[in-house]
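Please consider the following structure together with its sequence. The explanation below leads through selected helices, a helix pair and a strand residue.

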Amino acid sequence: MSKEIDLIVTNASVYTCDPANEWAEAFAVTAGVVTAVGTTAEITALASTDTELLDAGGRMVMPGLCDVHSHLLIGGAQSAWELTMPPSEGIDAILAKVRNWSERLAPDEWVVGGIIGSPVLDQIAQGGYLPGLDEASGGRPVLLRDDSHHNRWVNSRALEIMGVDEGTPNPEGGTFVRGSDGTLTGVLYESACALAEDKAAAAINDHRERDRVSAATAVRLVNSYGITAVQDAGTLENALLALSDMDKNSELTSWVVGSLPARPFFGDGIFGEDLYAVAEKYRTDHVRPDFVKLFLDGVPMTRTSAMLSPYLCHGEHEDPSDTGELLWTRDDLVATLERCIELGLGAKLHATGDGSVRQALDAIEVIREKHGEGAIFQIAHVAYVDPADRSRFAELNVIPDVSPYIWYPNIFDESIANQIPEKVLRESWPIKDLALSGALVSGGSDWPVVPVPNPWIGMETLVTRSNPDPAVPGEQNGEQCLSLPQAIAAFTRNPATAMGLGETVGAIKAGHSADFVLLNHNLFDVPTNAIHKTEVMRTYFQGKSVYERPQS
């Protein structure tokens, strides 16, 4: 047996995330799989002359982290190719960055980037700022995304290329936003964004090479945060192709589970039955197109989340009974989940409002009564869940995908608080209630909705419900804090199970993939408000080092 062992990790404080054997001192790896876990003496006795020994120096070692909700190609493209800005920037700073970025581009090249904070987009949507964006771009088309990635700001040149003018009707499920004077502001809501994204994508010359670089950039970045398994939350064919190519070339250093959009998704590409039909040809050892993605509603900042109680009313221009809009009928949703069962696929359902969460649970209940608990169903975001629905997650074996990282006071709050009644807002992100009911709380970043896919921020704020920045005081529904072990589980074994990888990743135990990280400190030895300062010294994927922190 000792001759088969490739690597032994010793002199470590190993938090295994295996409830049957929570802590260990060492473990052995053979052909990319953990083969033994135990004490230093037990494991080192298995070594042969060819075994590599990794002395952890007493540091904490834990499983590679899992991100149950990320957009790899979109985030990688943003990092590799696009204009980036923090969502805290005001309009003047945004225009200055557009101006500087435009100067490096060809005369007709698109300016693509983000992120615009929701409060700023609210201001832009009032009108009067389009001439400034036109001037800053020097005549080039512009497409800037907001912090929800459900909305955009484009300039007049982009509107012209899109074929949108003052007389163009709103598309189904979207809005070409007009100001108080009735003229276009350049702000696009929901499905209206797809036309702009399609036109910007059409201007790219070599899509395959761009996607290759974007995917590689994304995987390198998630590895640097200790992430070794990701569920991509909206996976089109181009992403499957890029990731599959990487894996065939032995370049993919993460498990990736795909979520295939059932209906048109932002950007060009096939969807629904056409996508389901071709996805299987891109399956590899590490690329698994195993889920369908459904958007049941929008986002609260633009009053497109489906709520049980009305949005705040700000005047005669708003309907005091407005509760947002469900994008699926009950019958269509049940039929699509039935189709998932037929195809052997799970489903990830975007539901940001308590109304859409209830619709999702009601539809899943129909499916469970007919087919049992075999299929994996996730409800993504769960920002608002009516108290009557919280226990239903566990009862129906539905996984709450608790992302993005906004369960603490932050820039989203100002815009959301302008739309959502205080009582509902006060009870947001009821994650502890979901966990206590027995639901498998699973953490995700929703990157690039958040600037970086940093799981340590999410882990800390699950415990504290406070912003890591001390300049932003207060808590967001502090009664819903998790314990540290619960928060760690939400980024390891829970999302592994949620992705269908629970027998392969998410714990350091015999038979699991040797995906693990070496940390700069022990999470249990530092104050909870210092968890976000965690640094990954090394990341290993299937027993191979795929990231090492640069020496300072």
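The structure is a predicted model. In this model, the buried residues of helix α9 are covered by several elements, including α2 (72-81), α8 (207-224), β16 (255-261), α10 (272-279) and β17 (287-295). The residues of α9 that are buried are Ala239, Leu240, Ala242, Leu243, Ser244, Met246 and Asp247. An α-helix has 3.6 residues a turn, so residues three or four places apart point the same way. Helix α9 itself comprises 12 residues, 237-248, and reaches 16 Å from its first C-alpha to its last, close to the 16 Å expected at 1.5 Å a residue. After α9 comes Ser250, which has a positive phi, near 60 degrees.

Helix α12 (residues 354-371) may be read in a similar manner. With 18 residues at 1.5 Å a residue, α12 should span 26 Å, and the 25 Å between its end C-alpha atoms agrees with that expectation. Its buried residues are Asp354, Gly355, Ser356, Val357, Gln359, Ala360, Leu361, Ala363, Ile364, Ile367 and Arg368. The helix is followed by Gly372, where phi is positive, near 80 degrees.

The next topic is a pair of helices. Two packed helices are described by the angle between their axes and the distance between the axes. For helix α3 (residues 91-102) and helix α5 (residues 130-137), the angle is about 25 degrees and the axes are 7 Å apart. Because angles under 35 degrees count as roughly parallel, α3 is roughly parallel to α5. The crossing in which α3 passes α5 is right-handed. On the α3 side, the residues that meet α5 are Leu95, Val98, Arg99 and Ser102, and their partners in α5 are Gly132, Leu133, Glu135, Ala136 and Ser137. Sorted by class, this contact of α3 with α5 holds 4 nonpolar, 3 polar and 2 charged residues.

Is Ala380 buried or exposed? Its relative accessible area is 0%, and since buried means under 20% relative accessible area, Ala380 is buried. Apart from its neighbours within four places in sequence, Ala380 is in contact with His69, Lys348, Leu349, His350, Ala351 and Asp401. One of these partners, Lys348, is 32 residues from Ala380 in sequence, while the two C-alpha atoms are 6.5 Å apart in space.

Terms used:
Residues numbered from 1 in each chain as written. Predicted model: local features only at pLDDT ≥ 70, side-chain atom pairs only at ≥ 80, totals over all residues. Heavy atoms only, no water. Helix = DSSP H or I, 4+ residues; strand = E, 2+ residues; numbered from the N terminus. Expected span 1.5 Å × (residues − 1). Buried < 20%, exposed > 50% of the residue type's maximum accessible area, 1.4 Å probe, protein only. Contact = heavy atoms within 4.5 Å. Axes fitted to C-alpha atoms, helices over the stretch in contact; angles between N-to-C directions. Parallel < 35°, antiparallel > 145°, perpendicular 65-115°, else oblique. Left-handed = near helix turned anticlockwise from the far one by under 90°. Nonpolar A, V, L, I, M, F, W, Y, C, P; charged D, E, K, R; others polar.
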